[in-house]
Amino acid sequence: MSPRSVKVNSWNGWDPLRHVMVGRADGTMVQAPEPAVRRDFPDDGFPLGAYGRIPDEMTAAANEQLDGFAALLEGRGIRVERPEPIDFSQRVGTPEWTHNSMFGCMPPRDVLITVGNEMLEATMSYRSRWFEYLCYRPVLQKLFEADPDARWEAAPKPRLTDASYNTGFWDTYNQLPLEEKLDRVRRNDLALTEAEPLFDAADIARCGKDLFVQLSLVTNRSGADWLRRHFPDHRVHPVSFTNTHPLHIDATWVPLRPGLVLHNGERPAEPELTEYFKVNDWEVLEAVQPESWHHEARLSFCSPWLSVNMLSLDENTLCIEEREVRLADQLTAYGFEMIPVPFRAAAPFGGGLHCATWDIEREGTLQDYFP
Ligand code: ARG
């Protein structure tokens, strides 16, 4: 990297993309159970309590698609960085806890966010993802050296003791009636307590001066409040949706360009959020139903709504999973050029085209889209 050409800068998810990270699937684990998350895939060889490496052939298939996506971006003149996987099967710990496994480094979006010239590492809230930042550090270090104006921050490393979790949450939550679940979601009374600030970067949607932060299974009020204080020149909005398993905002509420947000209608937004967009002349577009998945959902903890988890190359161009033909048609009618990308094999490793990336540079400046 020549020092001149590198610039950390991104204020939203749609300005022209110049530099991006694409994750890697190597060594990803079905992680060991912990207070905040439990995997249970009895039909796929990982019943509750079992953990271990995702089968090699699945990892190879995901890496092939991730490498292909990286090559596609490079072919369009976009600079691409890759993380450095470590041994995710190792036992990890701090002086206060130990855990039997890590997870992986496919979805850098969950851990990293760029706001202007700042690269921020999220706290994360799973013990299995506490050390994931190590995979991204070589790139962060390189960017820090290459761009003298780049700012590099890490949110307070969380303690993640038992006090940070509603212990027993997963023993009871899934048995609750729907209304009770939704009530818990509205109150954000879920897996996390408010013992310390916790957030995943992928719960944040960036629209220039406005940052929308989803309260979720991995982001608490204190985390949103930390972000509000950390970005005093932004309007930070904690938001929630009618979704029993809220986890990362980028399959639910997806700003595509100034004036247009794509919404997953199965997860209605709070009226205040919709109103905030509408009074500012944004159209809230309900996405068409995703295509079906069948067997490809093996070991995946994501929903078919990964359909809307697209990567914008600029405000007229979107990378979309190749099977999502109906959504592609819907957005073509809205004037977008749609670039189909095979990406389903990556889902068990943490998500779609948006999750799998982290914006390092997009042209453009800070704008107020909600004046
Ligand atoms: N929880 C979302 C869903 O299944 C998937 C979002 C994944 N996003 C991410 N950044 N890893 O609908």
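Trainee: Which residue is the bridge partner of His263 in S15?

Mentor: That's Glu286. Keep in mind that this is a predicted model, where local features need pLDDT of at least 70, side-chain atom pairs count only at pLDDT 80 or more, and totals for chains, interfaces and linings use all residues. Residues are numbered from 1 along each chain as its sequence is written.

Trainee: What makes S14 and S15 count as paired strands?

Mentor: A strand is a DSSP run of E with at least two residues, numbered from the N terminus. Two strands pair if DSSP finds at least two bridges between them. Strand S14 (residues 260-263) and S15 have four bridges, in the parallel sense, so they pass.

Trainee: Why are S13 and S15 said to stand at the edges?

Mentor: The open sheet runs S13-S14-S15, with mixed pairing. Strand S13 (253-257) and strand S15 (283-286) each have a single partner strand, so one side of each has no neighbour in the sheet.

Trainee: Why is S19 called largely enclosed?

Mentor: Buried means 20 or more other C-beta atoms within 10 Å of a residue's own (12 or fewer is exposed, in between is partly exposed; C-beta atoms are placed from the backbone). Six of the six residues of strand S19 (residues 357-362) are buried, so the rest of the structure largely encloses it.

Trainee: What does S19 pair with?

Mentor: Strand S1 (residues 17-22), antiparallel over five bridges.
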